[in-house]
Structures are given as C-alpha cells and as structure tokens.
Amino acid sequence: DWLYKSEMNALEKSGIIDLLNVAFSRESSDTKCYVQDKLLKDSETIMKLIAEQSATVYICGDGNAMAKDVQNALLDIFARYKFKSEEDPTQEANKYLKSLKSTNKLLLDIWS
C-alpha cells in the first residue's frame, strides 16, 4: 500500500522533494523490488545527493530486515564513492552513517 501517493507526488511536483524513488517488494510475486537494490543501482546519484546536495534520507518500514539491508547498502555506497581512497573505507563509511543519523540527515521510521 502506498498510503500517501498523491501527497508524495505533489511534493515532488512542487520541488519540495527532488527525487522520489519508491520500491514495493509485495507488488508482484514476479518482480520484487527492494529498496536496497534500487539504492545500489543508482548508487552514484545517491552519493551525490547525500554528499553534495545535503539530501535527507528517510527509511520507513520493516526494522527486522529492510532497514538493516538499506543501511548496509548505504554503507557500501559510502565506502565505494566517498571513502574509496581511505585506508579503511568501511570504518569511514560507518562514521559517516552515524553522523548522518546524529544530524537528522538519515531518519528512520521503522518497526518490527
């Protein structure tokens, strides 16, 4: 269910949301679409939005698997694009993820 579809589309149309990209894993049994897969597919754009345009990322949904998988995808993106020349890209990516959370640039609305 996409409860706020019209509102989200209106926010994107008005420019309040720059990029609205949704994934629904239960839409069809034939073509499951997971958030982390979409993030990884568009990883360079995601990195630019976060690092260069100060995007805010909202993760909403299942806290048992989805939220962890999405955060792992973000860590992978950060390590590959932002910290690839660092001695320990994974450690730097983890620090960056924590800083995004502490500055409310990464917000979680999750449940289990």
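Q: A crossing is left-handed if the near helix is turned anticlockwise from the far one by less than a right angle, and right-handed if clockwise; which hand has the crossing of helix 4 and helix 5?
A: Helix 4 and helix 5 cross in the right-handed sense. This is a predicted model, where local features need pLDDT of at least 70 and side-chain atom pairs count only at pLDDT 80 or more, while totals for chains, interfaces and linings use all residues. Residues are numbered from 1 along each chain as its sequence is written, and side-chain values use heavy atoms, leaving out hydrogens and water.

Q: Why are helix 4 and helix 5 called oblique to each other?
A: Helix 4 (residues 66–82) packs with helix 5 (residues 89–102) at about 120 degrees, the axes being 8 Å apart. Under 35 degrees is roughly parallel, over 145 roughly antiparallel, 65 to 115 roughly perpendicular, and the rest oblique. The pair is therefore oblique.

Q: What does Phe-78 touch, not counting residues up to four places away in sequence?
A: With contact meaning heavy atoms within 4.5 Å, Phe-78 touches Met-47, Ile-50, Phe-83, Ala-93, Tyr-96, Leu-97 and Leu-100. Phe-78 is also among the residues that touch the most other members of the largest nonpolar core, which has 21 residues. Helix 4 gives the most to this core, with nine residues.

Q: Why does Gln-36 count as buried?
A: Buried means under 20% relative accessible area, with exposed over 50% and partly exposed in between (1.4 Å probe, protein chains only). Gln-36 has 14% relative accessibility, so Gln-36 counts as buried. Gln-36 lies in helix 2 (residues 35–41) and, neighbours within four places in sequence aside, contacts Asp-69, Val-70 and Ala-73.

Note on methods:
Axes fitted to C-alpha atoms, helices over the stretch in contact; angles between N-to-C directions. Helix = DSSP H or I, 4+ residues; strand = E, 2+ residues; numbered from the N terminus. Left-handed = near helix turned anticlockwise from the far one by under 90°. Core = buried A, V, L, I, M, F, W, Y, C linked by side-chain atoms within 4.5 Å.
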